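Today I'm looking up pockets first, then a sheet.

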Amino acid sequence: MRAWRVHELGEPRDVLKLDEVPDPVAGPGQLLVKVRATALNFPDVLICRGQYQVRPPLPFTPGVELCGDVVALGEGASGWSVGDRVIATPAPPHGGLADYVTVNANEVIPAPESLDDAQAASFHIAYQTGWFGLHRRAGLAEGETLLVHAAAGGVGSAAVQLGKAAGATVIGVVGGARKAEVAKQLGADLVIDRKQEDVIATVKEFTGGRGVDVVYDPVGGESFRASTKVIAFEGRIVIVGFASGEIPSAAMNHALVKNYSLLGLHWGLYTHKDPASVRQASLELAALAEEGLVDPLVGERLPLAEAPAGLQRLADGDSVGRVVVTFD
């Protein structure tokens, strides 16, 4: 089968090589899945660079999120049938940028019928992360104000939709006019182009000086520093990631004086420490998808040959929504 593999660490465009490798075989408790589409995620960029918390041995195949068809069941695998269309999150070193992949049967979920293959491939990680960040960690309530950084990106666009579905007023912060238009189409009540506007002043004016109740931050760096200036009394800042490349240092005296909370979110821990909560969230998210309240934004659908270029655009911050590799 075909598989994009990293033989040395570096930028995706430089280190990904398309190899012919043996087809995998489903082991005990596993499913063999024929990949329909693989959504690219920022962790795929980091793993290529050797900057992710998981560092698989070389060579390895990136791709942590996919939609595909079950083609075989390993010994002891149950609950699924050949032909089922599923969403899966394969673990390194055998990721989804390949024709076939093996996954643990108990970590697979059905692909919602309302979503096509590219949307289904984009559905699990971003929306699970958004769900746990906004509801489990921040306790976002109807009528509150939510600020989402990188609102036109894969993770941010999901948070905008989930915030609106929860009845919140949503402020989206983006970088550039094209991304601003996308955030408006997603339903953000206010869109701020940080390249053209003062984020802090604009938020304070929009909220009458009160600030925002919840911040969803997958960026870090200057975005985090701005968040601390606009967070309201008893507000919550959810730290999702550091796409800016800068991990900021929090001034804890500032959190004390303003009475706000800093909440870390590593969604992957829930898959191991509380898998029942992940399954419950997937049911609630699927219901939102069926109702049309969430709709994964796929900015690019690429053939397998263009996977390195698409992943590099994601790395460089030049993508809108999700970048998805489709298989024919």
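I began with strand 6, which gives the most to the lining of the second largest pocket, with three residues. Strands here are DSSP runs (E, at least two residues) and helices are too (H or I, at least four), numbered from the N terminus. A pocket is an open set of points on a 1 Å grid over the protein atoms alone, with protein on both sides within 12 Å along at least five of seven lines; lining residues have an atom within 4 Å of a point.

I noted that this is a predicted model: local features need pLDDT of at least 70, side-chain atom pairs count only at pLDDT 80 or more, and totals for chains, interfaces and linings use all residues. Residues are numbered from 1 along each chain as its sequence is written, and side-chain values use heavy atoms, leaving out hydrogens and water.

Back to the pocket: I read off a volume of about 230 Å³, meaning the space filled by probe spheres set on the points, which are joined across faces, edges and corners. It has 16 lining residues, and M1, R5, V21, T61 and H94 are the closest to its centre. Strand 1 (2-6) and strand 6 (100-104) are the elements giving two or more residues to this lining.

I found six strands in an open sheet, ordered 10-9-8-11-12-13, with parallel pairing; strands pair if DSSP finds at least two bridges between them. Strand 10 (190-193) and strand 13 (261-264) are the edges, each pairing on one side only. I also saw four bridges joining strand 9 (residues 169-174) to strand 10, and V173 has I192 of strand 10 as its bridge partner.

Methods:
On a 1 Å grid over the protein atoms alone, a cavity is a set of points where a 1.4 Å probe fits but cannot get out, and a pocket is an open set with protein on both sides within 12 Å along at least five of seven lines; lining residues have an atom within 4 Å of a point.
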